[in-house]
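Hi everyone, thanks for coming. Please take a look at the model on the screen, and I'll walk you through it.

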Amino acid sequence: MEDSSRPSGASLPGQAGRGAADVTGRRPADEAQHARDRALVQRALAGELDAFNELVLHYQDYLFAICVRVVNDREAANDAVQEAFFSAYRNLARFRGDSFRSWLTRIALNAATDVLRLRKRRPADPYPEWEDEAWQPPADEDDAPERQAMRRNAAELLRRALAQVTPDQRAAIVLYDVEGYDYQEIADMTGVSLGTVKSRIHRGRLALRGLLADNMELLRD
Amino acid sequence: MTEGVTSGVESPQSPADARAHAGHDQLLVARYAANDAYESELDEARRLVEGCSVCAAVATDIQLISRATAGLPAPRRRRDFRLSLEQAEELRGSFFERLLRRLAAPGMTAALRPVAGVALSLGIVLAIAGTSAGLPQAALPASAPDQEMYALEDAAGTPAAGAPAGQDPGQPAHSPVPHAAPGEAPALQPGGAPGPTGRGVTTNEENEYRIDDIDDGGIEPPETADTLTAADTGGNPLIYAGSLLALASLGVLLLSWFARRRVRDPLLR
């Protein structure tokens, strides 16, 4: 998606001449997806539970990935996603936007924020499932075991660092860098201004850089 | 901020470099690294990145972190979040809850509130108009005794007490003296002094004269506006329609407000 909210910038040595957003790969606006979602919403509103469950099938992985990164806990993320789908089902008639995905994301982010607020404190280990294979990057068969180990190490370090920035910064970074939303979409989803979104992302990255300063070499590989 | 933090691949910075870097705007460097600096900041950002090895390292690291974050593997979900029939039924709620939810829907609220507001205003206007329409009818019979009194006084060749100066006594006019309740003497200004309007003098004698007339049956006791209004407006359809419309609109507005409060979902904030 073309990010019109981004001012023109300069290219640094080694930079592809495009913003970080493009580095991460913006997905094009998917009108077909919007149309499909709207049709499913209409059917669900008419009383077809299967239609809503089809929407759940489309988005449960996506929502879980966002929530688990924001709350840093699998069970809490499960609860947040469950609450998000419950809320979406209850309030389906209130969906008026163009993108069901964005609407659902906003609900899930609110649910995740509520979970964080309820917990009040971080768990001693923000990632109690470090050894869980589900968290590990997929191994390339051609990779040497040492290289695989390094990649896992880097991913773990980055996740640990992400868990230490503020929840607002974390959510903004996840939505921007991982999910590929543009600033305006994130602003709409999180209910803050465009400037606040940019500030959260840039400050969050600076904070990550401070946390990873001794291990930047791992990320370079 | 991460001032003073060196990148793992940068050459060790000299103390002079570190001192110079301490005042550099790292947020600007981060924005520049993400191609997010404004035109007005570009020169300054370029100067920092090209002139300071630490700022250059920060910019490179920011890009690296952005790429690495994007490449983080997604944790796998283990629960299926599809709704069961029982869950769906429970979430749908009772008929009343579904009605409230429909009323609280943004589209419905957006349409309902202005319409109900206009209907409420219209109802109030109609009710007031209906009431006002009844009042002149009530006022007219109340002035009849005055007219009869003027006629009596014309016959006697004297101007009626309380008649405005220069006014034809034969013309109907509202008496400056307030009407009394049936069977009571008309109210007078204290001591027969000129009333606040200064339109005439009423004496006790004249008052007695009028009372005598009334007692003799020459003049009917004046009916009060209150009694007439109640009688005349009792069947005014405007008042009924207006009141009904206003009440119905108010009911709809209250129901809409209640629905919004009742079904408000904190996750839709």
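Let me begin with a term: a residue is buried if 20 or more other C-beta atoms lie within 10 Å of its own, exposed if 12 or fewer, and partly exposed in between, with C-beta atoms placed from the backbone. By that rule, buried residues make up 23% of the 269 residues in chain B.

Some housekeeping. This is a predicted model, where local features need pLDDT of at least 70, side-chain atom pairs count only at pLDDT 80 or more, and totals for chains, interfaces and linings use all residues. Residues are numbered from 1 along each chain as its sequence is written, while chains are lettered from A and ligands numbered from 1 in the order in which they are written.

Let's stay with chain B. Its secondary structure comes to 11 helices and zero strands; here helices (H or I, at least four residues) and strands (E, at least two) are DSSP runs, numbered from the N terminus. I'll also say "in contact" a lot, for two residues whose C-beta atoms, placed from the backbone, lie within 7 Å. Among contacts in chain B between residues at least 6 apart in sequence, 67% join residues at least 24 apart.

Now, how do the chains meet? 56 residues of chain B are in contact with 66 residues of chain A. Which helix gives the most to chain B's side? That is H4(B), with 13 residues. The residues on this side of chain B divide into 32 nonpolar, 10 polar and 14 charged.

Next, please find H2(B). Seven of its eight residues are buried, so H2(B) is largely enclosed by the rest of the structure. The buried ones include Leu28(B), Arg31(B) and Tyr32(B). What covers them includes H9 of chain A, along with H3 and H4 of chain B. After H2(B) comes Asn35(B), with a positive phi near 55 degrees.

Let's finish with H2(A) and H3(A). In their contact, Asp37(A), Leu40(A), Arg43(A) and Ala44(A) in H2(A) meet Ala51(A), Phe52(A), Glu54(A) and Leu55(A) in H3(A). These residues divide into five nonpolar, no polar and three charged.

Asp37(A) has another partner: Arg101(A), which is in contact with Asp37(A) and Tyr59(A), leaving aside neighbours within four places in sequence. Arg101(A) lies in helix H5 of chain A. Is Arg101(A) buried or exposed? Arg101(A) is buried, with 22 other C-beta atoms within 10 Å.

Terms used. Ala, Val, Leu, Ile, Met, Phe, Trp, Tyr, Cys and Pro count as nonpolar, Asp, Glu, Lys and Arg as charged, and the others, Gly among them, as polar.
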